[in-house]
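Here is a friendly walk through one protein model, with the cut-offs given as we go. Have a look at the structure first, then read on.

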Amino acid sequence: MTLVPYDINKLGNVYYRLSDNYKILSEFAESGEMCMKLEGYPHNSVKSCQTSLISSIKRFNFHGIKVVTRGGDIFLVKIG
């Protein structure tokens, strides 16, 4: 196995695009609220939305935000 230099521009967009998750998370982080309910998410299920948001929290380094599901609803909660 060997490494060969390659022009990164030929790969296309290799960076993360700002997504709806980023917009929602940054809006929540900047708000003064401790807990907010998420409505109108485009995912097929609550679990899918929760998993997507948790991945985005890690990817975009949002600290102190937790995604909680209760009774089929999704909540963003500030912790710490």
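## Contacts and the overall layout

In the protein chain, take the contacts between residues at least 6 apart in sequence: 55% of them join residues at least 24 apart. A contact here means heavy atoms within 4.5 Å. Before going further, please note that this is a predicted model, in which local features need pLDDT of at least 70, side-chain atom pairs count only at pLDDT 80 or more, and totals for chains, interfaces and linings use all residues. Residues are numbered from 1 along each chain as its sequence is written, and side-chain values use heavy atoms, with hydrogens and water left out.

The protein chain has two helices and three strands, and from the N terminus on they follow the order α-β-α-β-β. Helices (H or I, at least four residues) and strands (E, at least two) are DSSP runs, numbered from the N terminus. The protein chain has 80 residues, and 24% of them count as buried. Buried means under 20% relative accessible area, exposed over 50%, and partly exposed in between (1.4 Å probe, protein chains only). The accessible surface of the protein chain is about 6,300 Å², with 53% of it belonging to carbon and sulfur atoms; such areas come from the Shrake-Rupley method with a 1.4 Å probe, and for residues only the protein chains shown count as cover.

Which residues of helix α1 are buried? In this helix, which covers residues 20-30, they are Asn-21, Leu-25, Ser-26 and Phe-28. Seen down the axis of α1, these buried residues fall within an arc of 160 degrees, so they line one face of the helix. The arc is taken from the directions from the helix axis to the C-beta atoms.

The buried residues of α1 pack against β1 (35-38), α2 (46-59), β2 (65-70) and β3 (73-78). On the face of α1 turned away from its buried side you will find the exposed residues Asp-20, Lys-23, Glu-27 and Glu-30.

## An aromatic cluster

Rings of Phe, Tyr and Trp (its six-membered ring) pair if their centres lie within 6.5 Å; planes under 30 degrees apart count as stacked, over 60 as edge-to-face and the rest as tilted. By this rule the count is two aromatic pairs. Tyr-22 and Phe-60 make an edge-to-face pair, 5.0 Å centre to centre with 70 degrees between the planes. Tyr-22 lies in helix α1 and Phe-60 in the loop between α2 and β2, so the pair ties together parts that are 38 residues apart in sequence. Tyr-22 and Phe-62 make a tilted pair, with 5.7 Å centre to centre and 50 degrees between the planes. Because Phe-62 also lies in the loop between α2 and β2, this pair ties helix α1 to a part 40 residues apart in sequence.

Together, Tyr-22, Phe-60 and Phe-62 form one aromatic cluster. How do its members sit relative to the surface? Tyr-22 is partly exposed, with a relative accessible area of 28%, while Phe-60 is buried at 17% and Phe-62 is buried at 15%.

## Charges over rings

A charge sits over a ring if NZ of Lys or CZ of Arg is within 6 Å of the ring centre and within 35 degrees of the ring normal. The charged end of Arg-59 sits over the ring of Phe-60, 5.9 Å from its centre. Lys-78 lies over the face of Phe-28, 5.3 Å from the ring centre.

Is Ser-56 buried or exposed? Ser-56, found in helix α2, is buried, with a relative accessible area of 2%. Its side chain joins that of Asn-21 in a polar contact of 3.1 Å. A polar contact is a pair of N or O atoms within 3.5 Å; within protein, one must be able to donate a hydrogen and the other to accept it, and residues adjacent in sequence count only if both atoms are side-chain atoms. Not counting residues up to four places away in sequence, Ser-56 touches Asn-21, Leu-25 and Phe-62.

Glu-33, in the loop between α1 and β1, is partly exposed, with a relative accessible area of 43%. Glu-33 touches Phe-28 and Lys-78, again not counting residues up to four places away in sequence. His-63, in the loop between α2 and β2, is exposed, with a relative accessible area of 71%.
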